Amino acid sequence: MNFAVFQKGKVFPPLSAKEIGEKIEATEIEKNAKVWRAPWKDWLRASDVFPREFGLTADLFEKMRERGEIHFSPE
């Protein structure tokens, strides 16, 4: 099912989850963009619907380790 996306006065055409992920990666869709799909009653923030794409889950720390941004591990 496709999602409707609204951001800063711009309406995107209906997008699949994969397409939204690609646009997030390309920084075309920001965290505060509004996302909706049927049968939802309300619009939600993009970061609430796609947290992994924004690095807002535990995956964030694994990615930081991979990039060498975390130099120690708790014991």
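How much accessible surface does the protein chain have, and what share of the surface belongs to carbon and sulfur atoms? The accessible surface comes to about 5,700 Å², of which 54% belongs to carbon and sulfur atoms; accessible areas here come from the Shrake-Rupley method with a 1.4 Å probe, and for residues only the protein chains shown count as cover. The model is predicted, so that local features need pLDDT of at least 70 and side-chain atom pairs count only at pLDDT 80 or more, while totals for chains, interfaces and linings use all residues. Residues are numbered from 1 along each chain as its sequence is written, and side-chain values use heavy atoms, with hydrogens and water left out.

## Fold

The protein chain has 3 helices and 4 strands, which follow the pattern β-β-α-β-β-α-α along the sequence; helices (H or I, at least four residues) and strands (E, at least two) are DSSP runs, numbered from the N terminus. An open sheet of 4 strands has the order β2-β1-β3-β4, with antiparallel pairing, and its edge strands, β2 (10–15) and β4, each pair on one side only. Two strands are taken to pair if DSSP finds at least two bridges between them; β1 and β3, which run antiparallel, are joined by 3 bridges, and F6 stands opposite K34 in β3.

Of the 75 residues of the protein chain, 21% count as buried, where buried means under 20% relative accessible area, exposed over 50%, and partly exposed in between (1.4 Å probe, protein chains only). Among contacts (heavy atoms within 4.5 Å) between residues at least 6 apart in sequence, 36% join residues at least 24 apart.

Q7 is placed in strand β1 (residues 3–7) and counts as buried because its relative accessible area is 11%. Leaving aside neighbours within four places in sequence, Q7 is in contact with F12, E28, I29, E30 and A33. S47, in helix α2 (residues 46–49), is also buried, with a relative accessible area of 3%, and, with neighbours within four places again left aside, S47 is in contact with K31, F54 and L56.

The table gives the polar pairs of these two residues; a polar contact is a pair of N or O atoms within 3.5 Å, where within protein one must be able to donate a hydrogen and the other to accept it, and residues adjacent in sequence count only if both atoms are side-chain atoms.

| Side chain | Partner | Distance |
|---|---|---|
| S47 | R45, side chain | 2.8 Å |

W43 is found in the loop between β3 (34–36) and β4 (44–45) and is partly exposed, with a relative accessible area of 44%. Together with F6 and V11, W43 forms a nonpolar patch on the surface, with about 320 Å² of accessible area together.

## Backbone geometry

Most residues other than glycine have a negative phi, and most peptide bonds are trans. K8, in the loop between β1 and β2, has a positive phi of about 45° although K8 is not a glycine, and K8 is exposed, with a relative accessible area of 70%. T27, which lies in the loop between α1 (17–25) and β3, has a phi near 60° and is exposed at a relative accessible area of 63%. The peptide bond from A38 to P39 is cis, with omega near 10°, and P39 lies in the loop between β3 and β4.

Note on methods
Patches are made of residues with over 30% relative accessible area and no salt bridge: like charges are joined within 9 Å, nonpolar side chains (Val, Leu, Ile, Met, Phe, Trp, Tyr) within 5 Å. A salt bridge is a side-chain nitrogen of Lys or Arg within 4 Å of a carboxyl oxygen of Asp or Glu.
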